[in-house]
Amino acid sequence: MNKIFINVKKIIVTSTIFFATLSSPLNANPKVLKIGAIPDQNQEVLDKRFNLFAKELAKSLNVKVKYIPVVNYIAAVTGFRTNDLDLVWFGGLSGVQARLQTPNAIVIAQRDIDKDFKSVFIVNKKLKLDSIFNKNGLKKLKNLRFTFGSENSTSGRLMPEYFLNDAGIKIENFKGKRAGFSGSHDATIALVNSGAFDAGALNKQVWENNLKNNPKRTNNVNLFWITPDYVDYHWVAQGNLDNRFRKGFTKELKSTILNLDIKNTEHKKILDMFNAKKFIEAESSEYKNIEKIARKLKKIR
Amino acid sequence: MNKLKLNSSSITFLPILVFIPIAYELFINFHIGGIELFKEFIISALNPKINNEIILTLVKRLNETIFIAFLSWLISIIFGVIFGILSSEIFYKILNLPIFLKRFLNLFLTFIRSIHEIIWGLILMQIYGINFSIGIIAICIPYVAINAKVFSEQIENINLKTIESIKQINCIKSSTLITLVWAPVIETFKNFGLYRLECAIRSTAVLGLFGVGGIGTSIFISFQTLNFRELWTYLWGLAFLIIISKELLKKFNLSKTSKNFLTFFVIALFCISLFSLSFFVYFIFNKNAIPFNSINNLLISNFNFISYDFLKLLLETIVLCLLSTGIAISFPPIFILILNNKIGITIIRIISFLFRLIPTPVLILILLMFNNPSISLAAITLGLHNAAITSKLLLANLHNQDNKQYIAMKSLGVAKRSSWLFGLFVKQANSYLAYCAYRSDIIIRETAILGVIGSVGLGWQLQESLSSFAWEEVIVILFAYSSIAIIGELINGKIKSNLT
C-alpha cells in the first residue's frame, strides 16, 4: 500500500517540474499573428467568427494565425498594449484607449456599417412604455432599473450614457442611484427580457440579430428608442508587424481584409458573421469625437 | 431566566443582529423580475450540458486550473516556510541577528498580505498582459505572506528553554534551527498547508473570472451569456476537482516516508524553488522594457480624487466587512442549532458545499436577479460564502470532539438543543471565534472582488478606475485597501490573543 502512495507522490513532483518547464515563456513562438477581439457578444459567436477569420488570414498571408479569446474589454486593451495581441477587433472607445496607450498602433479597417452605427434603448413590456421619437423622451426612464452592457462598450455604455446626459438624465436618476453593467449586449437583452432589469441600452446590430434569429429571447422586450449615428468598431494592428513578419506585411494584411468579397462563398461566411457587406478604409481621425465624449465621461483621462 | 452573559458562546450568536438591517434593505429592494432566469439556473444544475466539445474544453480548462493552482500552492508553501522561519524570533535568537530585521520583514509581509490576490492579478495583468504566469504570481504573492504568518506563529510556540539547552551543546547553528523548526513546520503543513491547496484552486477559479485563464474564465463567460447549462458543467467540473484533490492529499502521509523518498522530495523542492525564482526574475526582466514605459506615460493625467465620494466608498467598504463578518460568524452555529438532526446537518453540508463552490462574483450576479445592487446584497453574498467555510470547520470540529457530556445531558432529560449548546458547542466556541477572527481578515480582502461586480465600495471604484486606466486613482484605492486590511489584522490579532 505504502508503495503506491510513494508513486503518487513521485508522479506529482515530477509532473510539476515537467509542466513548469513546458510552460516556460522561452517556448513562446514570435512568428504567430495573434488576433483578438473585445468580448461584446456570446463567446460561441465570437469563437466561430474569429476562427473563420483567422483561417482566411492564414491562407492569404501564409503565416500562422491564432485567435486568443479575452474575458473583458480591459484585457483586450491591455493585451494589445503588452504585445500579447497583434491585431484586435476593437469598439470605438476601446480602440481609442488602446491606441492612446500603444504608440505606433495602426487603424486597419472598419465595416461598412461602422461609419453610421447606432444604439437602441429597450424596455420590458410590463412597463407599458411607448417608444419615443426624440431624446427628451428618455426622461421616462427615470427611477427604473437600468443596465448598460460592458463598462467600456461604445454602443452599450458610452454613447447611451452620452445621450442620456444630453437629455438631462444622470446615472443617479436610475433606481438604486446606479446603473447595472450586464457585461455584454446579449446579456442586456436577456436581463431586460427576464425582468431582472426594466430597461437597457445596446448595440443595434445585436438587437436586430436577436429579433431575427431568437425571437423567443425578445418576447418581453419593446424597442424604446434608436439613437443618432456615430462611428464604432475597427481593426487595430501593432505598428511593428513589418519588422516581425516581412516587409510590407501590414499592407498585405490591410488589403486582405479590405478585399473580402461577398461574392466569394468563403468570404461571404466571414462577412455574414460580422454582419457586414464589406470592410472599408478607416482613419484614426474619424474617432476624434468618440475620444472627446470619452474624456467628458471620464472614460479616458 | 438567566441574564445574558457575554461569554464566547454568546458572542458567536450575537452578530446575527446584523441580519436585521440587511434583511430590511434586501426587503425594500426585492423584486421578482429575475424569477424566470433563476428557475432556469436551478433546473440547469441538474441538467448540465454534456457533449464532446464541452467536455474537451472542460478538461483543458481544468488542466490549466490544476497547473496554476498546484504550482502556486507548492511555491507559496515552500516560500511560506522560508519566510515563516525568517520572520520568527527563534531564527534571530539562534543566529544572533539584530531583531529590527524581523520587524522590517514583518511589515513587508503584512503589506503584501493585505491586498487580495485578485487585485494583484488585475494589476499584474495591466503590466504584463494576459499570461498564465500572472495567475501563479498573483496567487503566490499574498499566499506566501499568509503562509509565512501561520508558519511563524507555530514556530514561535517552541519553548525557549529548548533553544537554550540546545545552544548549550554547541552544535552547528543551522542544524539547531532545522531540528527545532522541523516538527512544527511538518505539523502545520499537515493541518494547514494541505487545506491551502483547496484555497489555491478556488483562488485560481476566481482569478479566472478576471481573465487569467482556467475554469473561472469559462464559468464567467458562460454566466455572462446566461448559458446556465454550460455554467453548471463547469461548476460541477470544479467541484469534482476540489473533491479529488482533497481525497488525494488525505493519502499524502508525511510521517511514514522512507529516507530515499525524503531525499528525492527535498531535491524536488529545491529544484522547484530554484526554478520558480529564476522564472520570476526572467519574467520581470524579460518583459519590463515596454510596459513600464507605457505605464509611465499613463501616469501623466489630472488628479483630483480624494474627495467626499472617496470617503463614502471607504466607509461602505468597512460597513460591508462588518456586516459580512457578522453573518459568517453567527449563521453556522444558529443553523446547526435549529436543524440539529441528521437530515438537517446533511442539508447544511450540501448547501454550504454549494455556497463554497459557486464563486462569490457569480453568486452575487444570481442574487442580483432579485435585488437592486446594495451593500446588504454584497454583505449577504460574502457572508454566506464565508459562513459556508466556517460551518465546514465547525461541523468537522464538533464531529471530532468527545461527546460524552452531550450524551450525559441528553440522557438526563435536557432538551436536545440545550444539551447540544451546553454540552458540545461551548467547548468549541473559543477556537471557533479565533478561527472567525482569522476568517474576517480574509473577508476584508474579499470585499474587493465583490465591489467589482456588485458595484459597492472601493471595489467598484477600482474597477471603474482600472477600466479608465487611471493609475493614480488605482494607487490611492490600493493604499486605502491595504490600510483597512492592516488595521483589521491588528484588531483581529488582539481579539485572538484575548481568546487564547
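This is a predicted model: local features need pLDDT of at least 70, side-chain atom pairs count only at pLDDT 80 or more; totals for chains, interfaces and linings use all residues.
Which strands of chain A does helix 7 (residues 204–213) lie across? I looked: helix 7 of chain A lies across strand 5, strand 8 and strand 9, running at about 100° to strand 8 of chain A. Angles run from 0 to 180 degrees between N-to-C directions, with axes as lines fitted to C-alpha atoms, for helices over the stretch in contact. Helices (H or I, at least four residues) and strands (E, at least two) are DSSP runs, numbered from the N terminus.

Residues are numbered from 1 along each chain as its sequence is written, with chains lettered from A and ligands numbered from 1 in the order written.

Next, the sheet. I found an open sheet of five strands in chain A, order 7-6-8-5-9, with mixed pairing (strands pair if DSSP finds at least two bridges between them). Its edges are strand 7 (180–181) and strand 9 (221–226) of chain A. Strand 9 pairs with strand 5 (119–124) of chain A in the antiparallel sense over five bridges, and N124(A) stands opposite V221(A).

Then the domains. Chain A divides into domain 1 (26–115 + 231–285) and domain 2 (119–226), with bounds from an automatic or database domain assignment. I have 14 residues of domain 1 of chain A in contact with twelve of domain 2 of chain A (C-beta atoms, placed from the backbone, within 7 Å). On the domain 1 side, helix 4 (92–101) of chain A gives the largest share, three residues.

How values were computed
Two residues are in contact if their C-beta atoms, placed from the backbone, lie within 7 Å.
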